[in-house]
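Here are my notes on this model. Please read them with the structure open.

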Amino acid sequence: MSLAQQWADARPKVAGLHFDSGACSRQSLAVIDAVAAHARHEAEVGGYVAAEAAAPVLAAGRAAIGVLTGLDAGDVVYTSGSNHSLDLLLGSWTGERTLACLPGEFGPNLAVMAANGFQVRALPVDGDGRVAVEEAARVLAADPPALVHFTALASHRGVAQPLAEMVGVCRAAGVPIVVDAAQAFGHLDCNVGTDAIYSSSRKWLAGPRGVGFLAVAPALASRLQRRFPPASWDVPMTVLQSFEHGEHNAATRIGYSVALGEHLAAGPEIVRGRLAEMGRTARQVLAGVPGWRVVEPVDEPTAITTLEPTDGADPTAVRAWLIAERGIVTTACELARAPFEMTKPVLRVSPHVDTTAEDLEQFASVLRDVP
């Protein structure tokens, strides 16, 4: 059985067409059942007892993240999502608060950086928004910031950044690299030796909303200071342990662990290959639709395709019409998503491995008829 068929059979039947995995993929029945089973167990034995019983499942999830990132399970903590992960990390940083990132940095990330007092400078890029590796190496060597924050795959453009190469550049410059893998995790190869990496559950891994992870290598973790409880308090809690301290939704963490297991069972390389295939097919099919320009090169190895309007269409209005009139889910990317790079809103199409060429042809036909 093909990966596409396995993926579809493992999930409830989609109502319409779902091209929105860059925002929130469809959970499997096994993930849904695991979340519900834990909620029931909490009602039967109490939330804290149920959480203790679920410890092996949560440990398996951390181990899976370790496999996919190249870090140890003990370097991984669960968070409520990507922005939470970045805030935890930057808020605990003890060094100089300077940071280099791409001009197309995600708007909410920039807000977290500003809230934590970081001065931000831009890394050099080419015309596609891809980092210019050799020039970046020269810039970082000449005037290194305290940290490099590197979004491996943006949410407003399906251009895969050269992550492994940038890790090498940062290593040579002696600058820790923190990777936003919100779109890259489960989509691109993230096992490349990063100092820290974080992501959300709900995108390409198809886990529940409201959960994610942060993984920090020991060398970088040693440069962080516990905020809660205060570092001056003599309590036996590491910085990473403090990140998981407090209230959380244990059921969603369990669901995420199940989704991680499903991803490993499917084969990460196979999934990546299928996603790249879907992106290539989408760009080929959508290239001829009047009124829209496909932004990405056709062979970009991602499943994200962005469509820039050429005749004045409003992507937000188009998205709403597609949902209301045709049951087709896409994403409208406004300028706030990448405020220092975007000049025009775009419509984002992000199919998962169960999408077919026929689905994309149907979408292209409908897009031609949008009023």
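1. Start with strand β2, residues 76–79, in this predicted model. Both of its faces are covered. Val-76 and Tyr-78 lie on one side, Val-77 and Thr-79 on the other, and all four are buried. In a regular strand, side chains alternate between the two faces of the sheet.

2. What is the partner of β2? Strand β8, residues 212–216, is joined to β2 by four bridges. The two strands run antiparallel.

3. Now the record. An unreviewed UniProt entry annotates residues 19–363 as "domain: Aminotransferase class V".

4. Domain 1 is made of two segments, 3–27 and 267–368. Domain 2 covers 29–266. Taken over C-alpha atoms, the domain centres are 25 Å apart.

5. How many residues of each domain are in contact with the other? Domain 1 contributes 41 and domain 2 contributes 38. Together the domains bury about 3000 Å². Carbon and sulfur atoms account for 57% of that area.

6. Two salt bridges are counted between domain 1 and domain 2. As for individual pairs, the side chains of Arg-157 and Glu-341 form a salt bridge, with 3.4 Å from N to O.

Note on methods. Residues are numbered from 1 along each chain as its sequence is written. This is a predicted model: local features need pLDDT of at least 70, side-chain atom pairs count only at pLDDT 80 or more; totals for chains, interfaces and linings use all residues. Side-chain values use heavy atoms; hydrogens and water are left out. Buried means under 20% relative accessible area, exposed over 50%, partly exposed in between (1.4 Å probe, protein chains only). Two strands pair if DSSP finds at least two bridges between them. UniProt positions are given in the numbering used here, feature names are shortened, and annotations may be inferred rather than shown by experiment. Domain bounds come from an automatic or database domain assignment. Contact means heavy atoms within 4.5 Å. Buried area is the accessible area (1.4 Å probe) that two parts lose on being put together, summed over both. A salt bridge is a side-chain nitrogen of Lys or Arg within 4 Å of a carboxyl oxygen of Asp or Glu.
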